[in-house]
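Here is my short note on this entry. Please read it with the model open.

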Amino acid sequence: MRVPLADGTLVATPGMPDVDLIPSLLDASDVLGTGWFAAVAAEVEPGKTVKGPADWFTGDVYIDAVAAAPAPSRMSANLVHFMPGARTHWHRHPLSQTVFVTEGVGLCQRRGGPIEVIRPGDRVLFEADEEHWHGAASDRLMVHLAINEGDADHDVVHWLEPVTDEEYGAVPAGSCIGTAHTAHLVGEL
Ligand code: MN
């Protein structure tokens, strides 16, 4: 795992870090959206895919850190793979979040709104502190790039309760999940 030092340089931390590094590591694990203890539990190492912890995801989710720009930048980006049926818990981002779908078919929902189907090429902006969830369709994986910000006064993400099966299953009729854009190109599936 690469953690930013106070001067903004990034250093790799093999195994358990020195105690002096923990505040910076905490920032880095926030960038990953996993939290420090989850980062330890997932055996986060430099360049290693992180398994999304069950405290914040339902189903199998894998996170690759793409960018964690050194201060004063607050930008971070992660590529997130959701296996079929997997989704985040309800959560909010104090400084908003943009996701860009790169593969598969996904779902997202803002609190009080309908479930929306998201597909490759779709961009979704979740406004600051807007409660929402995002994930894969029940029978399709979904991959998105997540672009986040965080600073000393704003966590990257604030986690809430799981999305229940009942909530997840409330997909609007006619949303055509499972109809791949290219299905007609690859024969009968
Ligand atoms: Mn989000």
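In what order do the six strands of the open sheet run? The points below start there. Keep in mind that this is a predicted model.

1. Sheet order. The six strands run E3-E5-E6-E14-E9-E12. The sheet is open, and its pairing is antiparallel. Strand E3 (50–51) and strand E12 (123–126) are the edge strands. Each of these two pairs on one side only.

2. The E5/E6 hairpin. Strand E5 covers residues 61–68 and pairs with E6 in the antiparallel sense. Seven bridges link E5 and E6. The two strands form a hairpin, with six residues between them.

3. The E6/E14 pairing. Strand E6 (residues 75–82) pairs with strand E14 (residues 142–149), again in the antiparallel sense. This pairing has eight bridges. One of the bridge pairs joins Ser76 to Asn148 in E14.

4. Follow His81 in E6. His81 is the bridge partner of Tyr62, and His81 also has Val143 in E14 as a bridge partner.

5. Ala152 sits in the loop between E14 and strand E15 (158–159). Is Ala152 buried or exposed? Ala152 has 8 other C-beta atoms within 10 Å, so it counts as exposed; the cut-off for exposed is 12 or fewer.

6. Ala152 and Arg74 are 78 residues apart in sequence. Their C-alpha atoms are 9.8 Å apart in space.

Conventions. Residues are numbered from 1 along each chain as its sequence is written. This is a predicted model: local features need pLDDT of at least 70, side-chain atom pairs count only at pLDDT 80 or more; totals for chains, interfaces and linings use all residues. Two strands pair if DSSP finds at least two bridges between them. Helices (H or I, at least four residues) and strands (E, at least two) are DSSP runs, numbered from the N terminus. A residue is buried if 20 or more other C-beta atoms lie within 10 Å of its own, exposed if 12 or fewer, and partly exposed in between; C-beta atoms are placed from the backbone.
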